[in-house]
Amino acid sequence: MAHFGKDLFTGQRSQEQLIQNQNETMSCYTSRRNSTTSNANSEPQEVAPQFVKFARDSSKYWYKPAISREEAIGLLRNAAPGTFVVRDSTTFANAYGLVVKVAHPPPGVQPKVGGSNGDELVRHFLVEPTIRGVRLKGCSNEPVFTSLSALVYQHSITPLALPCRLIIPDTDLQQTDFQSPAQQQLLTQGAACNVLYLFTCDTESLTGPQAIRKAVGLLLSLRPLPKPTQVHYKVSIQGITLTDNTRQLFFRRHYPSNNVSFCGLDPDEHRWSIPSTTGDIPASKRIFAFVAKRSPTSADNQCHVFCELEATQPATAIVSFANKVVLGGGGSASSQLQQPVARAI
């Protein structure tokens, strides 16, 4: 890696170079030139240290050195305009790729036939190293900045040559689940399938896998085993709604999201046997359940036990969707955190 005579992460320079005009209070940086244009060898624009520190402290969220171009596109495809990541360039030595989600495609670029998937709204810019710092390549009105953090912060104040201002994140983008409009509609309207309702029991204050273990244990100890009832099982952001298709046990029951504390598979992996109507081997179905308050005003819980019914709607998918929509668990939460990198930004 080339040595630029200063730390590109902190933008530290000699004491005399850090002296700024104390009368300048209207801008977060001061220019060393009167011209609005800059070239690679011009004196850098100075960004106040506290603002550089602010951007640098958030760099763990926006600096993703090892991700590929395609991964960056996938990360930003459904994000809000201004969302960005910075990656190490794999084409130009010691340079960075600034990847930004924008509101409108560049001139002359038309959405793909049959509907856009958003890729044309993810723009790529090269941040090149210079003798005095870093700058956006190919932009004559872009100044040089003493550090990548300074460049990022200033572009969060004004877009300069970028199509829009950058939004400095306060959470890890790789652990943020951005939904497409279709996914957002699905989360709002919900999804439903038919399952077999098996059993309900009180668990008092018990919830989680232990509550399911207790409920399934009680279910399997009953003699005779209860007759399962086919129900319509709907999950939405409002909660879980059960409709008895046969109207034999109940008509409809709704469990609001804030009353549901857990949804999961049977931790002991018991199976429910469904006799075949054609004389074949009985089907073995996975058991799952959710735990909810007995009523909105009750402190006690109940565990409601089911088994999968439709081959296209396995218990694993039902539980995963319920956890995502009702309990707010994102699939990306299991993403591993990136290891710290030595490269200064």
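**Strand pairing, a helix face and the cysteines**

R271 stands opposite R286 in β13. The model is a predicted one, with local features needing pLDDT of at least 70 and side-chain atom pairs counting only at pLDDT 80 or more, while totals for chains, interfaces and linings use all residues. Residues are numbered from 1 along each chain as its sequence is written, and side-chain values use heavy atoms, leaving out hydrogens and water.

The R271 pairing belongs to strand β12 (residues 271-274), which runs antiparallel to β13 and is joined to β13 by four bridges. Strands here are DSSP E runs of at least two residues and helices are H or I runs of at least four, numbered from the N terminus; two strands pair if DSSP finds at least two bridges between them. Strand β13 (residues 283-293) also pairs with β11 (residues 260-265), antiparallel, over five bridges, and there G264 has A289 as its bridge partner. With β14 (residues 301-307), β13 makes seven bridges, again antiparallel; F290 sits opposite H304 in that strand.

Over in helix α1 (residues 49-57), V52, A55 and R56 are buried, i.e. under 20% relative accessible area with a 1.4 Å probe, protein chains only. Down the axis of α1, these buried residues fall within an arc of 100° (directions from the helix axis to the C-beta atoms), so they line one face of the helix. Their cover includes β2 (46-47), α2 (59-62) and α4 (148-157), going by contacts of heavy atoms within 4.5 Å.

As for disulfides (cysteine sulfur pairs within 2.5 Å), the whole structure has zero. The sulfur of C303 has its closest cysteine sulfur in C201, 5.7 Å away and too far for a bond. C303 is buried at 0% relative accessible area, and C139 is buried at 15%.

Definitions and conventions:
Buried < 20%, exposed > 50% of the residue type's maximum accessible area, 1.4 Å probe, protein only.
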